[in-house]
Amino acid sequence: MTGAPRLDAAVRELLHRALHVYRDNPRATDVLRHQSARLDQPLRVAIAGGWRSGKSTMLNALMGEEVAPVDGSAFTWYEDGPQPDATAYSTSHPPQRLAVLRSATGMRVDLAGWRAGELRDIVVRWPARSLRQVTLLDTPAVGADEQAPDPVLDRVLREADALLYLTRDARGADLRVLEAARQGVVGQAAPIHTIMVMSRVDEFGGGRVDALLGARQLARRALRDPQVDALCVTVAPCSGLLGLAGRVLTEAEFAGLAALARVARAELEPYLLSAERFARGEPPGGLDAAARSALLNRLGVVGIRLATTLVRTSCGSRAALAAELVRRSGLGELRESINRLFVDRREVLKARSCLAAVEELLRAEPDAGTADLLGALERLLSGAHEFSESRLLAALRDGRLDFDADLAAEARRLAGGDGEGPAARLGVGDDATLGWLWEAATEARWRWQEHAEDPALRLAQRRGAQIVVRSCDGMLADLAAHSR
Amino acid sequence: MAGIWLDALDDIARTCQEHGRSDLLQAVRLKRAHLLDPTLTVLVVGEPNQGKSQLVNAIVNAPVCPVGDGRTTVLPTVLRHAEIASATVVQTPSTTPGTPPGAERSTVERTPVPTEQIAAGVAGTTGRRPGAGPAYIEIGLPRALLGAGLVLVDMPGGESSATGASTPVAALTRADTVLLVSDSTRDLSVTELNRLLHLTRSHANVVVVQTKTDLVPDWRTVADRNRRHLADAGIPATLVPVSAALRLRAAATDDHALNAESGFPALIALLRRDLTGKPDALARAAVVLTARTVVEQLAAPLRAELTGAQSVEQSAPMTRLHAAQREVDELRRCSTRWQNTLTDEMADLLSDIEHDLRDRTRHILNTVDEAFETADPLVAWDSVAQWLERSLVEAAEANRQWLVQRCEWVARRVADSFARYGHGTLPPWPLAVTSEHGQPLPELERPNVDRFTMGQKMFTGMKGSYGGLLMFGLALTLAGLPMINPISLGAGALFGGKSIRDEGRQLLRRRQATVKSAVQRHVDDFFVRVSKDSRDAARRAQRLLRDHFAALTEELQADIIESLRSAKQAADTDAVTRERRHREIQQRMIRLAQLYEQAQQVAAARPAPLAPRT
């Protein structure tokens with residue numbers, strides 16, 4: 001796109017050169033071959049975060065089924081497969097099949113016979129459409145030690161292409177841990193592979209009904225913090241618990257909530273003051289203790305408050321309530337962000353993680369020629385316009401740039417947000433001739449050049465416009481190469 | 001009761017004074033004033049977003065501290081009693097760490113803030129002059145609990161506001177009770193436990209408040225786990241689970257059951273107990289902590305000194321003594337060394353010099369022998385004798401020269417042994433090259449040699465020619481020639497000549513032999529005399545060197561013995577003072593231990609663990 005070869009092609013070329021340099025080093029060759037194979041595999045998205053930050057709940061919400069957690073101290077991989085199936089990899093034993101027990105809303109893995117901490121990896125194969133293009137990765141808690149790079153996060157960054165980093169408040173220790181894990185020139189480059197998720201937002205503000213709205217504002221404010229901005233591509237507020245509840249809500253649960261909603265508000269309110277009151281008291285509505293505790297587990301006390309209000313006001317059916325819960329939880333937006341920023345840009349992300357791995361190898365095992373390769377890698381990275389485009393697309397999604405809608409749409413289109421090909425970028429039909437494309441690209445380029453130099457625009461907007469101009473330049477260079 | 005702990009505190013203060021620690025004294029005095037002050041200062045600390053401000057609000061039942069999404073407390077908020085609700089930003093103009101509320105009022109700047117701007121004030125955006133020192137917001141509220149003397153301090157979250165707990169001296173003057181706030185959605189983190197450990201070292205009364213119990217159905221298990229964590233870490237802190245939401249709700253609806261459920265009555269009872277118990281139980285506990293901090297601070301340098309004293313061997317006087325002893329040994333070794341060197345070198349020198357002389361004379365003799373192998377002494381004697389004399393004198397001089405050089409070299413080598421004392425001087429040198437010949441060399445006398453005189457030649461010729469003449473004459477008579485004929489005459493002459501030549505050669509041999517033996521004798525004489533001279537000279541040099549260096553050694557020895565003696569004296573006195581100081585330190589330590597025990601007795605109800613000491 002930029003006249004130079006596309007990023008993934010350039011990365012394959014770099015891998016090839018590295019293989020040549022390390023041809024006598026079997027260990028390094030293994031690493032490089034593994035990276036090369038990973039380029040063709042589905043995108044790996046890891047869900048990481050501090051202790052009890054809601055990682056497994058978030059994974060379940062994303063999959064729409066209750067499949068996590070399997071083991072709190074092992075990396076759990078969720079891959080697409082025809083049959084539910086789980087394999088355990090431990091440090092001491094050969095790989096072993098695990099028994100999978102299906103439940104109404106997901107599955108449970110039988111871990112009998114394994115000691116805690118013995119398992120290193122568990123690979124779960126699960127038939128799900130959402131796993132077709134993405135491998136999800138549930139991880140152990142990231143420690144709170146801020147001095148050294150965290151070993152778990154280190155491994156996550158090595159093994160995964162993209163990262164959902166769960167944090168409660170996008171401040172303090174979480175940021176420092178993420179900052180400490182940035183190593184090498186690839187790690188220091190634009191962080192297009194991280195979405196920071198403000199998790200458990202339903203508990204914000206002491207569990208008010210409008211906590212989720214507040215969380216959205218908080219996320220916007222966090223994104224304006226340069227320290228946060230340097231660590232992630234966007235900040236998404238999302239309550240995994242409510243999202244999951246929305247996706248797996250059963251008719252029985254809805255019936256229970258509807259029964260609660262039929263009770264007068266003033267009569268019900270004292271019982272919804274605390275989880276314990278709801279579980280142990282005798283609230284009206286005729287729910288038995290088991291049903292109440294199931295509802296608590298599914299929604300939490302905040303969720304029940306919200307759900308009864310919703311049933312009372314607008315949502316008369318299970319489907320309507322489920323949709324509203326998903327909408328309010330922020331899960332829909334998070335999934336959309338993942339699709340736009342991760343799945344659509346998977347080539348860039350995989351190229352990026354491959355570069356990171358190659359860099360680590362080059363630095364760990366210096367050899368004749370590695371200095372040259374490192375130089376080539378840095379050149380590649382500094383010329384990687386794809387990273388800037390990813391950042392621009394994320395900023396456009398958040399509305400951070402405050403372009404008006406038309407301008408934002410055009411910028412997204414030109415930066416490759418609607419498709420990679422020049423026709424898709426320029427918004428013309430696929431049958432457009434080369435001359436037509438050329439004309440459209442030149443016209444777009446000059447228009448955006450003007451935006452980039454318009455003193456009335458804010459600095460961030462002008463920078464965004466500059467990225468669009470460069471995308472146009474790249475297209476023009478490509479077209480010129482084609483016409484020859 | 002109060003009298004006892006006051007006495008103990010005064011004892012502590014006196015000890016601080018005795019030890020000359022005015023900083024500690026100041027801290028203890030502040031603490032004393034603080035303990036006599038009937039108000040109970042409660043510090044609310046914890047990680048961000050745990051509900052600290054909400055907890056404060058719930059305690060006083062008023063929305064004084066702003067809470068909500070992302071609202072972060074930036075300035076510490078101090079809640080105290082007032083008849084009319086009011087708010088003030090208090091700022092210390094200097095940069096001294098935040099003064100405790102109630103102290104040094106006169107030096108702070110007070111800016112009243114309208115109550116509706118409290119939120120902005122707490123966020124640190126209003127009423128604060130930039131560039132000035134730390135500030136806090138003081139809020140007055142008409143509340144019975146506050147009126148009873150409770151002062152609540154809501155600290156900003158995070159570790160940056162570590163309440164000065166890092167320095168024990170500063171912490172002495174701080175709050176009476178610390179509430180560490182942690183919410184029920186998770187267990188106490190490692191950071192929080194570490195912080196608690198820190199707090200319990202400086203604060204007598206630490207309470208963990210587990211907030212937000214309304215959110216989590218299983219808060220009881222979380223509380224149990226937290227209590228276990230506390231017990232495992234050895235933190236003597238009580239844990240109180242509360243729900244601010246329930247409390248505020250209960251206040252709004254005036255629901256006593258709900259209030260009881262919120263857990264706040266227990267917390268407030270605890271605070272009230274502390275408040276009423278402050279002049280007694282709490283003060284006693286505080287005295288123990290003060291005693292501990294002070295004793296630790298005072299004992300640390302003493303202990304360090306003791307450990308330092310245990311390594312007496314390293315002290316300065318001892319080092320000097322050891323050095324002096326080493327010096328003595330070294331000198332002894334040095335003296336043996338130089339004597340050995342001198343003897344060995346001199347023996348070597350003698351044999352070398354003699355050998356050299358012999359070599360030179362043999363060389364001269366050989367030359368002379370060769371010369372007289374062919375030359376006739378009669379002709380060559382004078383020149384040979386002259387050359388011989390010159391050569392011998394030269395040889396003697398060269399030999400002598402070498403002797404002198406070797407002697408000097410030996411002297412220098414011996415002097416090298418004294419190099420480390422800086423006494424490398426050589427003795428004044430008495431050997432000279434020429435002046436030392438004891439007796440002049442004997443004259444070489446011309447030996448008596450036989451000359452071949454004319455008469456002898458004639459006689460020898462006649463004798464020879466007679467034989468020839470007769471032989472040939474007789475033979476020729478047989479041929480008929482006369483006896484005397486030209487042939488026989490010629491033969492006679494031939495024979496005569498040969499006899500003369502033979503005789504002459506024999507005489508020459510004899511002369512040469514005579515001369516050679518004469519020269520040999522002469523050279524032997526020369527050798528004997530010169531070698532004797534050299535020997536004498538070498539011995540004289542040896543004796544001279546020995547005397548010189550022996551004197552030097554004695555001089556050095558006297559110096560070193562003197563320094564040894566003084567070092568020993570110094571070491572002795574040092575040991576005595578050290579012993580005295582040691583006893584003094586031990587007495588002080590005992591006194592400190594007594595002080596601590598006394599303090600503990602004051603608070604017999606709750607002894608605090610003390611770090612084991614040696």
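Helices (H or I, at least four residues) and strands (E, at least two) are DSSP runs, numbered from the N terminus. "Lies across" rests on contacts, that is, C-beta atoms, placed from the backbone, within 7 Å. Axes are lines fitted to C-alpha atoms, for helices over the stretch in contact, and angles run from 0 to 180 degrees between N-to-C directions.

**Basis.** I note that this is a predicted model, in which local features need pLDDT of at least 70 and side-chain atom pairs count only at pLDDT 80 or more, while totals for chains, interfaces and linings use all residues. Residues are numbered from 1 along each chain as its sequence is written, and chains are lettered from A and ligands numbered from 1 in the order in which they are written.

**The sheet of chain B.** I traced an open sheet of 9 strands with mixed pairing, in the order E4-E3-E5-E2-E6-E1-E7-E8-E9. Pairing requires at least two bridges found by DSSP between two strands. Within chain B, strand E2 (residues 77-81) pairs with strand E5 (residues 135-141) in the parallel sense over 5 bridges. His81(B) stands opposite Leu141(B) in E5(B).

**Helix H3 of chain B.** I then checked helix H3 (residues 52-60) of chain B, which runs at about 160° to E6(B). The strands that helix H3 lies across include strand E1 (40-46) and strand E7 (177-183) of chain B.

**Nonpolar cores.** A core here is a set of buried Ala, Val, Leu, Ile, Met, Phe, Trp, Tyr and Cys residues joined through C-beta atoms within 7 Å. A residue is buried if 20 or more other C-beta atoms lie within 10 Å of its own, exposed if 12 or fewer, and partly exposed in between, with C-beta atoms placed from the backbone. The largest core has 201 residues, and Val45(A) and Val42(B) are among the members that touch the most others. Helix H16 (residues 346-364) of chain A gives the largest share of this core, 10 residues. A second, separate core of 32 residues includes Met346(B) and Val519(B). Among the residues that Val42(B) touches are Leu150(B), Ala175(B) and Leu271(B).

**Chain totals.** I recorded 22 helices and 11 strands in chain A, and 15 helices and 9 strands in chain B. Buried residues are 45% of the 484 in chain A and 36% of the 614 in chain B.

Methods: Two residues are in contact if their C-beta atoms, placed from the backbone, lie within 7 Å. Lists of a residue's contacts leave out its neighbours within four places in sequence.
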